[in-house]
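Please read the following note beside the sequence and the structure. It is arranged as numbered points, each on one topic.

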Amino acid sequence: MNIMPVAMPMQIPETNSKAQADGGTGFAELLNNAINKLNDSQLKADEVMQKFLVGDVQDIHQVTIAMQEAKLTMQLAVEVRNKIVEAYQEISRMQL
């Protein structure tokens with residue numbers, strides 16, 4: 001007895017506006033939040049460095065940690081940007 005699978009109708013994915021209305025976040029909002037966090041880490045590193053130079057912060061480890069966090073956050077942002085550009089180029093090469 002050979003049973004043929006029944007084709008299921010394709011479902012259309014929900015639109016982004018409905019997901020946002022239900023409390024979901026869109027790509028633009030996620031990207032904006034990530035850029036704000038990147039900016040905050042850079043500002044924090046600058047602030048800690050200035051406090052160290054003035055003498056308000058005595059622990060060099062705090063400065064080093066803040067600077068490394070800012071560096072790693074920037075490296076992550078650059079890598080994500082590179083992957084987005086790579087994905088865009090791959091999509092633009094696809095034949096329709």
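The points below concern a predicted model and treat a helix and then the salt bridges.

1. Helix α2 covers residues 27-54, a run of 28 residues. From its first C-alpha to its last, α2 reaches 41 Å, close to the 40 Å expected at 1.5 Å a residue. Just after α2 comes Gly 55, which has a positive phi of about 110 degrees.

2. Which residues of α2 are buried? They are Leu 38, Ser 41, Ala 45 and Val 48. These buried residues pack against α3, residues 60-93.

3. The structure contains three salt bridges. One of them joins the side chains of Glu 69 and Lys 44, at 3.9 Å from N to O. Since Glu 69 belongs to helix α3 and Lys 44 to helix α2, the pair ties together parts that are 25 residues apart in sequence. Glu 69 is partly exposed, at 40% relative accessible area, and Lys 44 is partly exposed at 44%.

4. Within helix α2, Glu 47 and Lys 51 lie four residues apart, about one turn of the helix. They form a salt bridge whose closest N and O atoms are 3.3 Å apart. Glu 47 is partly exposed, with 43% relative accessibility; Lys 51 is partly exposed, with a relative accessible area of 35%.

5. In helix α3, Glu 90 and Arg 93 are three residues apart, about one turn of the helix. Their salt bridge has its closest N and O atoms 3.5 Å apart. Is Arg 93 buried or exposed? Arg 93 counts as exposed because its relative accessibility is 57%, and the cut-off for exposed is over 50%. Glu 90, at 45%, is partly exposed.

Terms used. Residues numbered from 1 in each chain as written. Predicted model: local features only at pLDDT ≥ 70, side-chain atom pairs only at ≥ 80, totals over all residues. Heavy atoms only, no water. Helix = DSSP H or I, 4+ residues; strand = E, 2+ residues; numbered from the N terminus. Expected span 1.5 Å × (residues − 1). Buried < 20%, exposed > 50% of the residue type's maximum accessible area, 1.4 Å probe, protein only. Contact = heavy atoms within 4.5 Å. Salt bridge = Lys/Arg side-chain N within 4 Å of Asp/Glu carboxyl O.
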